[in-house]
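Hi everyone, thanks for coming.

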Amino acid sequence: MTHAAPVPPMHGTPVADEPPARRFDVAIVGAGPVGTALALMLVQRAPQLCIALVDGRGAQAGYDDPRTLALSHGSREILARAGAWPHSGSGLDSTPIRHIHVSQARRFGSTEIDYLDHDVPALGYVVRYGALMRALDAAMSRVPARFEHAPSSAPPASPALPAPVASPGLHHFRPYRAIALRQDSQQVTITLGTSLDDQAQTLHATLAVNAEGGLFEGQTARPRTRDYGQTALVGFVTCERPRVGWAWERFTPDGPLALLPQENGYALVWCCSHAEAKRRREMDDASFLAELHTAFGDRMGRFTSVTGRAGFPLGLNALGHIVDGRIAAIGNAAQTLHPVAGQGLNLGLRDAFDLADTLVRTAHTSPLQQGVPGPAALNAFARRRRADRGLTIRITDLLPRVFGIDAAPIAVLRGMALAGLDLVPPVKTAFARQMMFGQRG
């Protein structure tokens, strides 16, 4: 999940005097949490593969990213497999979510999800984007990796040429931007550029993965798209009576309002119309906190401070097919979701895990291809992801629209559904496990 735009189609001509193209087994475009996790899992489980990771930003840009992320317990397990969240020790700096309270404003009906009912240490974790990227980069330092840094100035007249065939392991191109990508029946060709107009090089790969999705507002329309007409207003708030380990999802007529435990307060995600978000961002702190208290209720007393207010337009933007020949899309490059239930990054990490697992299994059972997975492996990955991806997209698309209807009969039915979860434990368990682990296909 990064701020960069998706990789555009191939255009233009190669830059003159560029070094000869190097060949990789797998090239990953995008080094946010999803792309980096994929690279780590591949290099650890299939060290014979030549892997390129194209990173459009320098390390510090990721560390300075102020966003707050909600990771499910399943995502923690994936990050542990990638080496970024060890099971022993303190691990990644995070705040655990052990209880989740779901309700609708000014209407009856609520439910609580408790970690003790699901045999997990926590339902999820709240982390800062920068902390997650530091943990992933620390894991990167423990695997065979070669950093290919973009030059900071024009090269000398006769630069040393890199080897045409890349060595096994991970090659991290930073900061390089994938400015063009094309494929034929034999390979994928990726043209890399830098901030300098006269710098470029070309990579060839058997398979390529687009993990450079960006945010909804900067994306081109995909086959399945919906503009919710909402902005996610985010910030950090404190209150009089915080409840340790509790997360809150409250559906209001404006849109979902979430409070996630973070350090000594709460990360706020308040979805509302663009006009309301603009008005609330411009309010003085006292007025904003009073309005938040009215929308949320008195469960934790008065809200006492707010910092870091910002807004992000919301929409659904999903590919119909996540594989095209030798190219696969994962994370936000495959689907951008409404933040309700915090599933976007978690779905992307499940994409990365299933893709890594499929490629590794194929590499270990393909002696005729010298252990290099081909397009058939991507098709198997797409089949494996179909159920989880489809269900998660439907849930996150339906919830904000259904709970946004303020008509009394619909509100009554919603309240009955929420209250009914406590009366039918298997349904409640299935929903909680979908949010934590996804649908296994």
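**Rings, charges and a cavity**

There are 8 aromatic pairs here, where rings of Phe, Tyr and Trp (its six-membered ring) pair if their centres lie within 6.5 Å, with planes under 30 degrees apart called stacked, over 60 edge-to-face and the rest tilted. Take Trp85 and Tyr125: their ring centres are 4.9 Å apart and the planes meet at 65°, so this pair is edge-to-face. Trp85 lies in the loop between helix 3 (73–81) and strand 4 (95–97), and Tyr125 in strand 7 (residues 124–128), so the pair ties together parts 40 residues apart in sequence. Helices (H or I, at least four residues) and strands (E, at least two) are DSSP runs, numbered from the N terminus.

A word on the source: this is a predicted model, where local features need pLDDT of at least 70, side-chain atom pairs count only at pLDDT 80 or more, and totals for chains, interfaces and linings use all residues. Residues are numbered from 1 along each chain as its sequence is written, and side-chain values use heavy atoms, leaving out hydrogens and water.

Elsewhere, ring pairs link Trp246, Trp248, Phe296 and Phe303 into a cluster. Trp246 also has the charged end of Arg243 over its ring, 4.3 Å from the centre; "over" asks for NZ of Lys or CZ of Arg within 6 Å of the ring centre and within 35 degrees of the ring normal. Likewise, the charged end of Arg134 sits over the ring of Tyr63, 4.1 Å from its centre.

Finally, which residues line the second largest cavity? Among them are Gln104, Arg107, Phe251, Asp406 and Arg414. A cavity is a set of points, on a 1 Å grid over the protein atoms alone, where a 1.4 Å probe fits but cannot get out, and lining residues have an atom within 4 Å of a point.

Note on methods:
On a 1 Å grid over the protein atoms alone, a cavity is a set of points where a 1.4 Å probe fits but cannot get out, and a pocket is an open set with protein on both sides within 12 Å along at least five of seven lines; lining residues have an atom within 4 Å of a point.
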